[in-house]
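Q: Can you walk me through this structure? I'd like quick answers, residue by residue.

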Amino acid sequence: HSQFEILIGKKSTYFCFSGMFRKDEELTSSQRDLAVRRMPSLLEYLSYNCNFMGILAGPLCSYKDYITFIEGRSYRMTQSGENGKEETQYERTEPSPNTAVIQKLLICGLSLLFHLTVCTTLPVEHNIDEHFQATASWPTKVIYLYISLLAARPKYYFAWTLADAINNAAGFGFRGYDKNGAARWDLISNLRIQQIEMSTSFKMFLDNWNIQTALWLKRVCYERTSFSPTIQTFILSAIWHGVYPGYYLTFLTGVLMTLAARAMRNNFRHYFVEPSQLKLFYDVITWIVTQVAISYTVVPFVLLSIKPSFMFYSSWYYCLHILGILVLLLLPVKKTQRRKNTHENIQLSQSKKFDEGENSLGQNSFSTTNNVCNQNQEIASRHSSLKQ
């Protein structure tokens with residue numbers, strides 16, 4: 001998917017390629033230099049899609065970040081001039097990724113060791129073993145479900161952390177410096193293990209799992225649809241993953257769990273903010289519920305097939321599905337601000353696109369892809385005048 005729009009106005013004249021910039025963001029000089037580039041050449045396009053660092057396991061990165069790295073501009077710093085508008089660029093010493101790479105390789109080793117030792121002794125498939133289902137008590141089933149899915153996650157930790165380390169070793173992934181002056185190498189990191197394992201909500205888990213793909217789904221689906229964005233995004237994610245039925249069972253269950261968790265949080269969390277002891281109690285309870293719900297949801301993702309997936313859910317009497325439906329039916333669901341304003345934003349955006357087409361360079365102007373070829377010469381002259 002690609003999208004081309006021309007913005008002409010007081011901010012700058014530039015191409016918007018695949019969401020490279022937001023339409024309403026002020027451009028720095030370095031961004032302006034990047035923005036006025038022509039469409040990527042065939043070499044740049046193939047380099048972005050087939051570079052050795054991410055061709056096998058990713059992680060996904062934006063074209064903007066990739067081309068900034070390739071052209072050596074990821075270490076440039078900008079500083080506002082005296083008039084507050086102009087910016088001065090200067091180079092900072094390129095930080096060494098060695099420490100970050102070593103740390104991530106150690107995580108890879110520990111994740112792989114944990115997976116090879118624990119996962120083989122506690123397989124997810126044992127959850128649907130007939131003897132286990134007939135003899136195990138409910139607490140045993142819950143504990144085994146959590147531990148078996150906990151043991152299944154490190155293989156993803158291994159793959160994504162190794163991919164991140166490879167990119168860092170090549171010099172890609174530098175985000176800047178934290179408040180203590182330490183280099184951050186998490187620009188394209190795909191997960192945050194501590195936040196995943198300590199998640200106290202479904203959203204917190206999803207925000208820290210497969211981060212780059214989640215951001216892509218947010219850009220291409222969630223922020224663009226005005227009707228049931230959560231449902232549509234989960235369905236797109238299932239299609240993106242592949243054709244196994246277990247993927248679709250997991251993501252459809254994930255829709256229900258996400259909406260139910262959101263309703264519970266909106267209706268009850270404000271009662272447990274203070275005192276700190278009460279908040280700690282709330283955090284412990286929500287951590288337990290979240291980890292069990294996540295494990296329950298992703299079993300079909302691991303089992304892949306229809307029959308074993310339904311065997312598992314039937315052995316649990318679809319209890320979390322039923323509970324989620326009851327929550328949505330009984331608890332009031334607050335409309336998010338995004339949903340309230342979506343229709344108005346769409347109308348405003350369409351109105352702006354129509355009105356701004358009649359304005360001068362002092363206002364933004366959008367044109368469609370069909371006009372790009374006919375307006376190249378005019379855009380070049382306008383960009384020259386902007387620079388002057």
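This is a predicted model: local features need pLDDT of at least 70, side-chain atom pairs count only at pLDDT 80 or more; totals for chains, interfaces and linings use all residues.

A: What follows is a short tour of the model, starting with how to read it.

Q: Which residues does the "transmembrane region" annotation cover?
A: The unreviewed UniProt entry puts it at residues 234-259, 280-303 and 315-333. UniProt positions are in the numbering used here, feature names are shortened, and annotations may be inferred rather than shown by experiment.

Q: What does the chain do over 234-259?
A: Residues 234-259 are 88% helix and 0% strand. The end C-alpha atoms sit 12 Å apart. Helices (H or I, at least four residues) and strands (E, at least two) are DSSP runs, numbered from the N terminus.

Q: And 315-333?
A: That stretch is 68% helix and 0% strand, with its end C-alpha atoms 30 Å apart.

Q: Let's look inside helix 15. Is His321 buried or exposed?
A: His321 is buried, because its relative accessible area is 16%. The cut-offs are under 20% for buried, over 50% for exposed, and partly exposed in between (1.4 Å probe, protein chains only). His321 lies in helix 15, residues 319-330.

Q: What does the side chain of His321 contact?
A: The side chain of Thr253, in a polar contact of 3.0 Å. A polar contact is a pair of N or O atoms within 3.5 Å; within protein, one must be able to donate a hydrogen and the other to accept it, and residues adjacent in sequence count only if both atoms are side-chain atoms.

Q: Switch to Gln291. Where is it?
A: Gln291 is in helix 13, residues 276-303. It counts as buried because its relative accessibility is 1%. Its side chain reaches the backbone oxygen of Ser199 at 3.5 Å.

Q: Which peptide bond is cis?
A: A cis bond joins Glu274 and Pro275, with omega about -5°. Pro275 is in the loop between helix 12 (245-268) and helix 13.

Q: Where are they?
A: Asn210 is in the loop between helix 9 (202-207) and helix 10 (211-222). Ser228 is in the loop between helix 10 and helix 11 (229-241). Asn210 counts as buried because its relative accessibility is 10%. Ser228 is partly exposed, as its relative accessible area is 26%.

Q: New topic. How many cavities of 30 Å³ or more?
A: There are 2. On a 1 Å grid over the protein atoms alone, a cavity is a set of points where a 1.4 Å probe fits but cannot get out; lining residues have an atom within 4 Å of a point.

Q: What lines the second largest cavity?
A: Asn127, Phe132, Gln133, Lys141, Ser315 and Trp316. The volume is about 30 Å³, meaning the space filled by probe spheres set on the points, with grid points joined across faces, edges and corners.

Q: How many disulfides?
A: The count is 0, where a disulfide is a pair of cysteine sulfur atoms within 2.5 Å. Cys61 is buried because its relative accessibility is 9%. Cys108 is buried too, because its value is 3%.

Q: Last one: what does the side chain of Ser47 touch?
A: The side chain of Tyr66, in a polar contact of 2.4 Å. Ser47 lies in helix 2, residues 42-50. It is partly exposed because its relative accessibility is 25%. The C-alpha atoms of Ser47 and Ile70 are separated by 9.6 Å, at 23 residues apart along the chain.

Terms used
Residues are numbered from 1 along each chain as its sequence is written. Side-chain values use heavy atoms; hydrogens and water are left out. On a 1 Å grid over the protein atoms alone, a cavity is a set of points where a 1.4 Å probe fits but cannot get out, and a pocket is an open set with protein on both sides within 12 Å along at least five of seven lines; lining residues have an atom within 4 Å of a point.
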